[in-house]
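Trainee: Could we go through this structure together, one question at a time?
Mentor: Gladly, let's have a look at it.

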Amino acid sequence: MNAPRILITGGAGFIGVNLAARLLKSGMHVRVFDSLARPGSEENIAWLEDRHPERLEFVRADVRDPAAVKRAAADVEHVYHLAAQVAVTTSLVDPCTDFNVNAGGALNVLEAVRGCQRPPSLICSSTNKVYGGLADLELRAGGSRYEPVNEPPGGVSETRPLDFHSPYGCSKGAADQYALDYARSYGLDAVVLRMSCIYGPHQHGNEDQGWVAHFVRSALDDSLVTVYGDGRQVRDVLFVEDLVEAFERARRQIQALRGQAFNIGGGPGQAVSVLELIRRIEQLTGRVMRLRYDAWRVGDQRYYVSDTTRFTAATGWRPTVGIDQGLEALCAWFEPRRAQARHDAYAAAGAQS
């Protein structure tokens, strides 16, 4: 029996490279489809090619190209659609590109899947931003975090009404709803996973997206970090290996889950405020972070924690990597890269002297 062939759009991104590595290690054939537009993606794909050249196929292309997407999806058994414009701030500056990549790109993927003689199953990555700013949540401010007054202790569930906020929220929300409707209207085996804050190795984060990695790297480099708002905003963080396990469980049970959207995050057990995460990073690294504060950003939820009970009930999945363990793994991934950067800087300085 031939090994399954998997397509990952956005497969050179942070989540995609971790997912691809897991699939390749298990013996599957993986086609990574990526434009390499995001910083760090070239490094990620080189890392994959170095370790798994025999079963990895890399296609450099853009999800805005329907013909390229159609060719990539033609002979696969499953598609993970991860390609996206990922930053709210970028969407506010250039909403047209954001729409074309996130909504238009998702539609290209769905049409390519629908047009296959044997349509592959599909998991579409979405975001907690489809629930909007959650302005109706009554919050109380504790010493280091916001706590909900009128929200169930399990977190935000899939029963909460959608409320797209920011161009990014709109474009990802459109993709989310198109995927669910293609399951309903065309019978595709499609599932949507609405992700919270994911972090881990291969995350080349910045202050616009990938803030956990951005904070860790800034602490290690003694770089200034901007905290938007008061730092009491809460997220449920999830280590990337736990997310990959959720993806795989969803793929293996795709027919039972088809046509549904699930919230995926660390849940209440891994909820942490920005200020609390900063303190954890300082304790781990032994460094006091340099901080400055700025105004709240558009669409920034003061509190979001995923209620993952529906997905757990359906698949048995639960997060297994604690926050401190995950931060240690992220620091360990950064260290050799920082050492190489220092070596290169010394070499460059010597060459100029």
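**Strand pairing and helix packing**

Mentor: Keep in mind that this is a predicted model. Strand β9 (residues 197-199) and β11 run parallel, and three bridges join them.

Trainee: Which residue in β11 is the bridge partner of Tyr199?

Mentor: Start from the pairing of β9 with β11, which is parallel. Within β11, Tyr199 has as its bridge partner Phe239.

Trainee: Which residue of β13 does Arg235 stand opposite?

Mentor: β11 is also joined to strand β13 (residues 271-273) by three bridges, and these two run antiparallel. In β13, the residue opposite Arg235 is Val272.

Trainee: And in β15, what is the bridge partner of Arg235?

Mentor: Two bridges join β11 to strand β15 (residues 303-304), and the pair runs parallel. The partner of Arg235 in β15 is Tyr304.

Trainee: Are helices α1 and α2 roughly parallel or roughly antiparallel?

Mentor: The axes of α1 (residues 14-25) and α2 (residues 41-51) come within 10 Å and cross at roughly 5°. Angles under 35 degrees count as roughly parallel. Therefore α1 is, relative to α2, roughly parallel.

Trainee: Which residues of α2 make that contact?

Mentor: From α1 come Phe14, Val17, Ala20, Ala21 and Leu24. By class, the contact has seven nonpolar, one polar and no charged residues. On the α2 side, the residues are Asn44, Trp47 and Leu48.

Terms used
Residues are numbered from 1 along each chain as its sequence is written. This is a predicted model: local features need pLDDT of at least 70, side-chain atom pairs count only at pLDDT 80 or more; totals for chains, interfaces and linings use all residues. Side-chain values use heavy atoms; hydrogens and water are left out. Axes are lines fitted to C-alpha atoms, for helices over the stretch in contact, and angles run from 0 to 180 degrees between N-to-C directions. Helices (H or I, at least four residues) and strands (E, at least two) are DSSP runs, numbered from the N terminus. Angles under 35 degrees count as roughly parallel, over 145 as roughly antiparallel, 65 to 115 as roughly perpendicular and the rest as oblique. Contact means heavy atoms within 4.5 Å. Ala, Val, Leu, Ile, Met, Phe, Trp, Tyr, Cys and Pro count as nonpolar, Asp, Glu, Lys and Arg as charged, and the others, Gly among them, as polar. Two strands pair if DSSP finds at least two bridges between them.
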